[in-house]
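Biologist: I would like to learn how to read pockets, sheets and packing in a model. Please take the features one at a time.

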Amino acid sequence: MDAKAWEKVDDLIDKNQNKTIKEYFAEDPDRAAKFSLEAAGWFLDYSKNRIDREMMKALIKLAEKSDLKAEIEKMFTGKKINATEGRAVLHTALRNMDSKAKIKVDGKDVMPGVRKVLAAMGDFSDTIRNGKWKGFTGKRIKYVVNIGIGGSDLGPVMANLALTPYTKRNMKFFFVSNVDSTHLAETLREVKADQTLFIVASKTFTTQETMSNAEAAKAWLVEKLGSKKAVAKHFVAVSTAAKEVADFGIDVKNMFGFWDWVGGRYSLPSAIGLSLMIAIGRNNYKKLLKGYYKMDRHFRTARFERNMPVILALLGILYHNGYGAESYCVLPYDQYLSRFPAYLQQMDMESNGKCVDKNGEAVTYTTGPIEWGEPGTNGQHSFYQLIHQGTHLIPCDFIGCSKTHNPVGDLHDKLMANLFAQTEALAFGKTAEECAKEGVEKKLIPFKTFEGNKPTNTLLTDQLTPETLGALVALYEHKVFVQGVIWNVYSYDQWGVQLGKVLAKGVLSDLTAKKPSMKHDASTNQLIARYRKAVGR
C-alpha cells in the first residue's frame with residue numbers, strides 16, 4: 001500500500017474524527033445524490049459513510065498510486081498476475097460476450113475453448129431438461145447431485161438458490177461437499193438411483209473430499225442398480241483429468257473441462273456451473289453471463305470516481321485500515337440470497353487473507369477483513385444489537401430488490417421498510433436528548449441511546465434475475481481484486497489451505513493403522529489415541 005497516499009487518508013481521518021454522518025448530511029442536502037451511482041442493473045447509495053469529497057479524492061489517489069488501472073488491464077488481457085503459481089487470472093474470459101474477443105495466454109487465444117465448453121454444457125443440459133438423456137433403466141433424470149467442495153460447491157449452491165424462480169421445478173438439485181458422511185447419506189435418502197445424475201466437480205479428480213464422496217455415491221448407485229455399467233449413465237465430470245475420469249467409469253465425452261487460469265472461488269461461470277445450467281436452462285445461464293459481462297465492462301472502463309467495485313473496495317479499506325474495523329457484514333434482504341454471504345466468505349477471505357506482500361515481505365498493515373452476514377430480517381433478531389450498540393465498528397452492505405418474485409400481501413413492503421430503516425438507524429442513531437423528549441425514563445436513557453455514525457452501503461436492483469445476480473457476483477469479485485492490488489498481495493493463490501491437507505494424510509494414517517506412529521505433538525497424539533479407543537482400534 002502506497003505509504004504517502006495513505007498518509008493523506010490518515011490525515012483526513014484525524015481531521016474529521018469527530019464529525020458524524022449526521023453532520024455530513026446536515027451540511028449538504030444533495031449528499032445522497034452526490035454519493036450514488038448505477039451500473040449493470042444495480043444502484044449503489046454510499047452516502048451513509050464517513051466521507052466527503054476530499055476523502056474520496058484521497059482514496060482515489062490511493063488507488064491510482066497502486067497502479068490499479070494497469071493491474072486491471074493485466075487481468076483482463078491474460079497476464080500471469082497469479083505469480084506464485086505462474087498463472088493468468090481470466091475468469092472474466094468465461095463471460096466475455098463479445099463474439100470477436102481474442103484473449104491470449106501463452107500466445108493462444110482461449111476464447112474458442114471457452115465457447116466450445118459453454119456450447120457443450122448447453123447441449124448436455126438440454127438433453128437432461130427435455131428428458132432425452134435416460135438413466136441406466138431408461139428413466140429420465142429427476143434429481144441432480146453436485147459433488148464438489150469450496151469453489152466447486154459454494155458458487156453452484158448460492159446461485160441455484162438465488163435463481164430458484166428460474167429453475168425447472170419438476171427436478172430437484174442437491175449439493176454434497178462435506179466429507180462428513182452425513183452430508184452424502186442424507187442426500188441419498190432424498191433421491192432415487194435410477195433417476196439421479198451425479199456431477200463430480202474436481203479439476204484434478206484427486207480432491208480428497210470430493211472423490212471420497214464420489215466413490216461412496218458410485219458404490220451406492222452400483223448396489224442399487226446392480227451393474228457398474230450404470231455409472232456411465234448417471235455420472236458426469238467437471239474436470240481436466242481424462243484418465244482419472246475414465247478410470248472412475250465416466251465416459252470422457254461427458255467430461256466438461258476448465259482451465260488452470262480459473263480459480264475455484266471464481267469458477268461459477270465455468271463448467272463448474274453445469275448444475276446451475278441444468279437448473280435454469282442455457283438461455284437463463286447466458287443472461288447470468290451477460291450480467292457478469294456488464295459489470296466487467298463497467299469495472300474496466302469507468303473512471304474510478306464512478307466505478308462501483310473501486311468505490312466499495314476503497315470504502316472497505318478506509319474502515320479496515322483507517323478505523324480498525326476487523327470485519328464487515330453483508331446483509332441481503334432477499335431470502336433467495338441467503339447463501340450469498342457464505343459465498344463471499346471464500347471469495348474475500350481466501351483471496352486476501354495474506355500476511356506477506358508480493359515481494360514475500362511481511363505486511364505492516366492489516367489485510368483481508370472477516371466477511372459475514374445473514375439475510376434480513378432474520379439478522380435483525382440475531383446480531384444487529386452488536387452492530388448498533390456494541391463496541392466494534394462493523395461496516396455493512398445492505399442488498400435489496402424492489403420487486404419480489406413472490407408477492408404476498410404487504411410482506412415485501414415490510415421487508416424493504418426494514419432494510420431502509422436499518423441503514424437510517426445505523427447512520428443517524430438516537431441521542432439522549434431525543435430519548436428525553438420522547439419521555440424515556442432518565443435512568444433508561446443511556447440504554448436507549450444509539451450512537452449512530454455506523455457506515456453502510458445500500459445496493460438496490462429492480463429484481464433478482466440471472467442477469468442481476470451475475471452483475472452482483474462480478475461486483476464483489478472486482479472489489480476483492482482492487483483491495484488486493486492496493487494491499488499489494490496476491491489475491492489468486494491460497495497456500496494457506498495446503499498445510500492442513502498435508503498433515504491430514506499423516507493423521508489419517510495413524511487413525512487407521514494397526515500400529516500408529518504417534519509422531520505428532522502431545523495434544524494431537526492424545527486425540528488420536530482417544531479416537532482409536534472410541535472406535536475400537
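Biologist: Which residues lie nearest the centre of the second largest pocket?

Modeller: First, the ground rules. This is a predicted model, in which local features need pLDDT of at least 70 and side-chain atom pairs count only at pLDDT 80 or more, while totals for chains, interfaces and linings use all residues. Residues are numbered from 1 along each chain as its sequence is written, and side-chain values use heavy atoms, with hydrogens and water left out. Now the terms: on a 1 Å grid over the protein atoms alone, a pocket is an open set of points with protein on both sides within 12 Å along at least five of seven lines, a cavity is a set where a 1.4 Å probe fits but cannot get out, and lining residues have an atom within 4 Å of a point. In this case, Asp-334, Gln-335, Thr-404, His-412 and Leu-415 lie nearest the centre, out of 19 lining residues. Helix 17 (residues 411-428) provides the largest share of that lining, 4 residues.

Biologist: How is a volume defined, and what is the volume of the largest pocket?

Modeller: Grid points are joined across faces, edges and corners, and the volume is the space filled by probe spheres set on the points. The largest pocket comes to about 1,200 Å³. Among its 39 lining residues, Thr-207, Gln-494, Val-497, Gln-498 and Lys-501 are the closest to the centre. The second largest pocket holds about 380 Å³.

Biologist: Which helix gives the most to the lining of the largest pocket?

Modeller: Helices (H or I, at least four residues) and strands (E, at least two) are DSSP runs, numbered from the N terminus. Helix 21 gives the most, with 5 residues. The elements giving two or more residues include helix 7 (151-162) and helix 9 (208-225).

Biologist: How does the lining of the largest pocket divide by class?

Modeller: Ala, Val, Leu, Ile, Met, Phe, Trp, Tyr, Cys and Pro count as nonpolar, Asp, Glu, Lys and Arg as charged, and the others, Gly among them, as polar. The lining has 13 nonpolar, 17 polar and 9 charged residues.

Biologist: What is the strand order in the open sheet of 6 strands?

Modeller: Two strands pair if DSSP finds at least two bridges between them. The order is 1-2-13-12-10-11, with mixed pairing. Strand 1 (36-39) and strand 11 (370-372) each have a single partner strand, so one side of each lacks a neighbour in the sheet. Strands 1 and 2 run antiparallel, joined by 4 bridges, and Leu-37 stands opposite Leu-44. In their hairpin, Ala-40 takes a positive phi near 50 degrees. Strand 12 (residues 396-401) and strand 13 (residues 456-461) run parallel, with 6 bridges between them.

Biologist: Which helix packs on this sheet?

Modeller: Contact means heavy atoms within 4.5 Å. Axes are lines fitted to C-alpha atoms, for helices over the stretch in contact, and angles run from 0 to 180 degrees between N-to-C directions. Helix 20 (residues 466-487) touches strand 2 (42-45), strand 10 (327-333), strand 12 and strand 13, and its direction makes about 150 degrees with that of strand 13.

Biologist: What about the open sheet of 5 strands: which strands are at its edges?

Modeller: Its order is 6-5-7-8-9, with parallel pairing. Strand 6 (172-176) and strand 9 (255-256) are the edge strands, each pairing on one side only. Helix 8 (residues 181-188) lies across strand 5, strand 6 and strand 7 (196-201), at about 165 degrees to strand 6.

Biologist: Where is the largest cavity, in terms of the residues nearest its centre?

Modeller: Leu-315, Gly-316, Tyr-328, Pro-395 and Lys-479 lie nearest its centre, and the volume is about 170 Å³. Helix 14 gives the most to this lining, with 5 residues.

Biologist: And which helix supplies the largest share of the second largest cavity's lining?

Modeller: Helix 6, with 4 residues. This cavity has a volume of about 60 Å³, and its lining has 9 nonpolar, 1 polar and no charged residues. Helix 6 (residues 111-129) also packs with helix 13 (residues 282-301) at an angle of about 145 degrees, their axes 10 Å apart. Leu-118, Met-121 and Leu-289 are among the residues making that helix contact, and they also line the cavity.
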